[in-house]
Amino acid sequence: MTVDLQTPRPATAARLDDGALDTLFRHPRTARGWADAPVDDDVLARVYDLVRWSPTATNASPLRLLAVRSPEARARLVTHMDEGNRERVRTAPLTLVVAADTDFHETLPRTFPHFPGAKDVFADETGREAAARFNATLQIGYFLLGVRAAGLAAGPMTGFDAAALDADLLAGTSLKSLVVVNIGKPGENAWFDRLPRLDVDEAVRTL
Ligand SMILES: Cc1cc2nc3c(=O)[nH]c(=O)nc-3n(C[C@H](O)[C@H](O)[C@H](O)COP(=O)(O)O)c2cc1C
């Protein structure tokens, strides 16, 4: 099937019904225990294929996903996790290191071609890393929704030693880890109790 991604469409044309909104927002939970069902690379590719269309500043698209699959790499990843997160990684069908590419500016001539100077705007390393982290963090939110849309659960974790992980699994790359995410079908006792959220009038103000 060829999909036309050039023609802008009004948002109302794609309005989701309540069931779809339940699937994306209300029903899914942060999973902490897993069923014994694999998550293969095809699923991951399909999720990313959707997620990549969500927006980032200057279309920077700095999100990078590292699927940690080999037993040896998984064992190394576990050592970088906080104690309480280790068993979650050991038992997950798939664990990703989700990272920001601090050299995202290299692809700007392709992803932001109408502004040839875009790459030079990010010549300064400190500003570039901040932009990479901000935009990749945005993309993590999109990614978590993409996982849900694929009928899977995610267990994101920032409880790990990022400096040690980067020096080990991301050594020699321009990537900086932001979050480690378990993905799969939830198993028994996968959840903590549902926590309350802030009400609309606490979070939304009109000036
Ligand atoms: C960025 C991020 C980091 C998180 N880090 C951890 C973590 O290190 N360990 C953990 O057990 N849960 C972690 N969580 C899970 C949150 O506590 C959980 O998503 C939140 O309480 C909502 O739970 P619910 O989806 O079941 O409603 C993290 C979630 C996010 C989004």
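Leu 5 counts as exposed, with a relative accessibility of 52%, where exposed denotes over 50% relative accessible area, buried under 20% and partly exposed the range in between, computed with a 1.4 Å probe and protein chains only. The model is a predicted one, in which local features need pLDDT of at least 70 and side-chain atom pairs count only at pLDDT 80 or more, while totals for chains, interfaces and linings use all residues. Residues are numbered from 1 along each chain as its sequence is written, and side-chain values use heavy atoms, with hydrogens and water left out.

Leu 5 is located in the segment before helix H1 (18–26); helices (H or I, at least four residues) and strands (E, at least two) are DSSP runs numbered from the N terminus. Together with Val 3 and Trp 53, Leu 5 forms a nonpolar surface patch that has about 340 Å² of accessible area. Such patches consist of residues with over 30% relative accessible area and no salt bridge, like charges being joined within 9 Å and nonpolar side chains (Val, Leu, Ile, Met, Phe, Trp, Tyr) within 5 Å; a salt bridge is a side-chain nitrogen of Lys or Arg within 4 Å of a carboxyl oxygen of Asp or Glu. Accessible areas come from the Shrake-Rupley method with a 1.4 Å probe, and for residues only the protein chains shown count as cover.

An oxygen atom of the ligand lies 2.4 Å from a side-chain N or O atom of Arg 194, and an oxygen atom of the ligand is 3.0 Å from an N or O atom in the side chain of Asn 85. The ligand taken alone exposes 630 Å², of which the protein buries 69%.

Asn 182, in strand E4 (residues 175–184), is buried, with a relative accessible area of 1%. The side chain of Asn 182 makes a polar contact with the side chain of Thr 95 at 2.7 Å, a polar contact being a pair of N or O atoms within 3.5 Å; within protein, one must be able to donate a hydrogen and the other to accept it, and residues adjacent in sequence count only if both atoms are side-chain atoms. The Asn 182 side chain also reaches the backbone oxygen of Arg 88 at 3.4 Å.
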